[in-house]
Amino acid sequence: MEEKTCGGEPRGMQTGVRQLLRWFGIALIVISMLGPAFATVSYGAEDSQVKTVKITTKPASGQINRRTGAVVRKSASSRSKKVARLPNNKKITMGHMTFTTTKNYSRKQRWFYIKCGSVKGYVPVNQVDHVRYQYRKVKAKRNLTYRYGAGYKMRKKGTLKKGTTLSLCLETKAKGSKTLWYRFRYGKKFYFVSSKDLNLTETVRIEPDRDNGSSPAKPSDNGSSGTQTDNKGNETKPDTENIVTPPKTNPSVNATVLQSNKKPMTAQMPKSTLTAWYNSLLKMANLIETNNLKYNTSGGGTTYKKGLAAKKVNCATYISWSLQDAGFEPSGFCFYLGYGKIYDQKIPKNYFIKSPNYLVQTNLNMSLADCVKKGYLKPGDIVGWQDGYHTMVYKHTKNGKYYFFSVGPTSVANKVVHENTYKASYRIGVIIRRIA
């Protein structure tokens with residue numbers, strides 16, 4: 001007869017249950033020991049969190065481009081109520097763009113939603129210039145059609161394959177459309193794409209506050225950069241719109257500036273950058289010589305077109321025009337060098353020092369011969385004197401002579417803009433090197 005326990009279960013069954021529980025406990029111990037080896041990577045659960053966030057475009061910046069000022073309206077219509085009038089050249093920020101029609105993609109049918117202090121409202125796109133965008137990189141989640149305007153009735157431009165990376169620059173509202181659209185840069189022009197075709201989320205690590213008061217990490221800009229238009233607001237013409245990275249504080253660059261007079265800059269200009277730079281310097285030199293531009297201290301203008309119309313050029317405008325032609329800087333970008341310093345004209349103060357695209361040395365006060373011999377000066381460097389005003393680009397040293405791309409009264413008259421030589425004893429004050 002089978003023996004039973006006081007609970008009524010057979011004793012054999014009770015023994016089996018105990019054995020099972022014993023093995024189960026052992027298994028739990030083993031799993032707890034091996035757990036870290038098989039657990040999902042958590043990046044330190046106590047120290048951070050992984051979070052999925054929505055990608056959004058950041059506001060653009062610009063300025064009013066209308067002699068009589070621009071009227072800010074409550075909505076995107078010339079019949080809408082007036083909110084305020086902003087003076088010419090007033091700086092503004094743009095949150096998004098709005099199309100006022102479903103079929104016409106011309107600039108006349110677009111408005112910017114802008115902010116300027118307490119003023120908020122809409123102004124026509126063609127009344128804004130010096131537009132600087134902040135880009136966000138996203139990928140197409142399927143093959144997508146991109147268009148000249150925001151809206152499915154707008155004319156098609158082409159198709160991009162799934163996985164293509166796009167540089168979004170501004171959220172765009174389409175009249176009568178419930179779908180959000182984005183403006184994006186493709187090459188040197190801009191088009192529009194539906195948000196439904198894009199992967200608009202990203203996974204980021206959020207760091208908690210520390211005792212030292214540091215703030216949580218924010219989603220990265222995914223390689224943001226900007227674009228600026230010409231004074232007429234021509235946003236899509238390759239000869240007037242070039243890619244430019246907005247100045248950002250760069251600790252490594254600032255450290256180089258502080259140590260600039262102690263040792264040569266280590267970072268070199270990439271070969272592709274040097275090639276593009278030389279091509280533009282030669283192109284502008286040939287244009288200056290072919291069109292017989294005359295040397296003038298006023299320089300003729302901040303763009304080559306203005307200089308051509310005035311038939312004038314100087315050392316600083318030649319180098320500035322070449323930077324614009326190479327696509328390194330936007331139309332109208334102009335500066336000059338002298339006495340060991342960088343002088344701002346149509347650029348933000350300390351632009352080169354703050355920009356991660358350049359390394360800078362100021363107040364160097366070293367002879368041209370020593371700069372080359374000790375490795376301070378490299379081909380393609382933008383150079384200024386210590387004891388006077390001059391802006392030029394170092395080319396190479398050959399047979400004991402130091403050659404530069406440079407404009408002066410003699411070089412223009414003799415048409416040798418890209419073949420100037422200077423004495424070894426002349427003292428260098430400023431060196432600017434593009435490293436991107």
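Rings of Phe, Tyr and Trp (its six-membered ring) count as a pair if their centres lie within 6.5 Å; planes under 30 degrees apart make the pair stacked, over 60 edge-to-face, and the rest tilted. By that rule, the structure holds 30 aromatic pairs. Please keep in mind that this is a predicted model, in which local features need pLDDT of at least 70 and side-chain atom pairs count only at pLDDT 80 or more, while totals for chains, interfaces and linings use all residues. Residues are numbered from 1 along each chain as its sequence is written, and side-chain values use heavy atoms, leaving out hydrogens and water.

**An edge-to-face pair**

- Y152 and W181 form an edge-to-face pair, because their ring centres are 5.0 Å apart and their planes meet at 65°.
- Y152 belongs to the loop between β10 (144-147) and β11 (156-160), and W181 to strand β13 (residues 181-186), so the pair ties together parts that are 29 residues apart in sequence. Here, helices (H or I, at least four residues) and strands (E, at least two) are DSSP runs, numbered from the N terminus.
- Buried means under 20% relative accessible area, exposed over 50%, and partly exposed in between (1.4 Å probe, protein chains only).

**A tilted pair**

- W277 and F328 make a tilted aromatic pair, with 6.0 Å from centre to centre and 45° between the planes.
- This pair links distant parts of the chain, 51 residues apart: W277 is in helix α3 (residues 271-290) and F328 in the loop between α5 (315-325) and β21 (335-338).
- W277 is buried at 2% relative accessibility, and F328 is buried with a relative accessible area of 9%.

**A cluster, and charges over rings**

- One aromatic cluster is formed by Y105, Y146, Y148, F184, Y186 and Y191.
- The charged end of R183 sits over the ring of F190, 4.3 Å from its centre. For this term, NZ of Lys or CZ of Arg must be within 6 Å of the ring centre and within 35 degrees of the ring normal.
- R185 places its charged end over the ring of Y135, 4.7 Å from the ring centre.

**Cysteines**

- A disulfide is a covalent bond between the sulfur atoms of two cysteines.
- The structure holds zero disulfides, the cut-off being a pair of cysteine sulfur atoms within 2.5 Å.
- C315 is buried, at 10% relative accessible area, and C169 is buried at 0%.
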